[in-house]
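I opened my notebook to look over this model. I wanted to go through it step by step.

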Amino acid sequence: MDNEYYSLEAIISENQKIDCTFQLEVPELGYLDNSADENLKALTKLPLPCWLAPTMLYAEWASFNMPRPFNNLVQNAVVAEPRSVKIGALVGENGRWYSFGKMIVDLLDDPESKKLADTLKLTFKGRLPDLMDQAQHFTGTASAATRSGGEEVGAEFRSGLDAAERELFVLAQESSRQVKAWYESSDRIR
Amino acid sequence: MALPPNLRQAPTPQELEYITGEMIVAIEPLFRMEKVRLVSGVYGPFRPPAKTKVPMWLAQSLKLKRKCRIVPPDWVTVDFLSLRLQEETSQAGLSKMPFRYAEVAKVLLDIAPDDIMEPDRIRILLKDIREARQAKCRELLRSLDSAYAPIENLCSMEISEVRLFFSSAMNIIGKLTVEPAPAEEDMYDF
């Protein structure tokens with residue numbers, strides 16, 4: 001989410017690709033498109049990784065389309081009900097929806113960038129109470145696996161967590177487990 | 001750092017219980033002794049049935065050796081706690097409980113249930129209060145901001161339980177918040 005040099009999370013989320021359209025012909029870059037031509041033609045569509053795209057875009061060599069995890073359909077869905085969208089599943093393996101979103105926010109210009117950032121923030125906040133609720137219910141991992149019935153909604157929610165949310169989940173679970181263990185401990189000498 | 005991550009930022013419940021050991025409580029000693037000089041102060045004289053005031057840790061140790069009765073604080077009564085539970089379930093904000101109520105009550109119920117009136121009802125009331133407060137805490141997450149959490153009257157055990165979760169969540173909210181764009185575009189002017 002941050003663009004710090006040593007942040008592993010930032011490096012991982014930079015592997016996401018953005019669909020870009022080249023605005024001018026680039027000499028000697030034809031191999032990027034797997035074409036036989038030596039030059040990359042103008043108006044070629046090419047997915048560029050997030051670490052390369054900003055340079056291209058700021059120099060106006062290319063323009064980009066809104067990536068699918070953040071198109072209007074998804075945005076409307078998360079605004080309507082943040083908890084119902086499996087945001088972790090939208091962005092592939094690592095499920096770093098917020099990190100990727102933050103990168104797009106940095107690429108966009110003001111009215112849209114503000115709108116997307118607000119959507120991200122509201123989604124995150126909207127999902128927090130449920131996240132904590134789930135984490136506190138699942139303090140004992142062994143008993144969690146055996147529970148069933150009325151749990152489907154929770155399981156659905158948990159399977160769609162973003163990577164950052166998963167880290168939070170583990171944190172809350174751990175502190176909740178500690179407090180629970182303390183409540184059950186006893187100083188009495190028997 | 002050598003310390004495991006969950007110990008770095010928040011005190012554990014055991015550490016909080018240890019800190020509570022410094023609290024002064026009243027006891028009725030069951031043995032006869034003159035004043036004792038300890039590093040933290042002078043305690044005694046111990047002359048049954050006169051009450052005397054000692055730190056919690058000393059009271060605990062004497063109680064475990066059956067050498068005193070602990071006089072519970074005035075808030076450890078069914079009347080007071082049911083009033084608080086009512087307040088807790090009828091009002092939006094958290095009610096004002098003694099800052100270390102969870103630790104004190106746990107220790108007293110653990111080692112000195114015979115000194116408390118109706119310990120079982122008190123145990124149930126405290127559990128209800130704790131659950132009501134936890135639920136409220138989760139609801140308050142919605143209004144969490146990157147700068148501060150608008151939560152009043154949170155007690156020490158509750159703070160340590162939610163500390164890691166809240167601070168990490170606030171970190172993420174902070175990263176998702178966009179400041180008005182600074183004039184940085186010059187950097188990319190080729």
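I began with residues 12-71 of chain B. This stretch is 28% helix and 33% strand. Its end C-alpha atoms are 27 Å apart. I then looked up the record for this stretch. An unreviewed UniProt entry places the feature "domain: DNA replication complex GINS protein PSF2 N-terminal" at residues 12-71 of chain B. I noted too that the model is predicted.

Next I took chain B as a whole. I counted seven helices and five strands in it. From the N terminus on, the elements of chain B run α-α-β-β-β-β-α-β-α-α-α-α. Along its principal axes, the C-alpha trace of chain B covers about 90 × 40 × 25 Å.

Then I asked how much of chain B is buried. Of its 190 residues, 27% are buried. I looked at contacts in chain B with a separation of 6 or more. Residues 24 or more positions apart account for 69% of them.

Last, I turned to confidence in chain A. The mean pLDDT of chain A is 78. I found that 87% of its residues reach 70 or more. Where is confidence lowest and where highest in chain A? Helix H7 (residues 141-146) of chain A is lowest, at a mean of 44. Helix H9 (residues 163-184) of chain A is highest, at 87. I also checked residues 141-149 of chain A, where pLDDT stays under 50. For these residues the model has one contact beyond four places in sequence.

Definitions and conventions
Residues numbered from 1 in each chain as written. Chains lettered and ligands numbered in written order. Predicted model: local features only at pLDDT ≥ 70, side-chain atom pairs only at ≥ 80, totals over all residues. pLDDT = per-residue confidence, 0-100. Helix = DSSP H or I, 4+ residues; strand = E, 2+ residues; numbered from the N terminus. Contact = placed C-beta atoms within 7 Å. UniProt positions renumbered as here; feature names shortened; annotations may be inferred. Buried ≥ 20, exposed ≤ 12 C-beta atoms within 10 Å, placed from the backbone.
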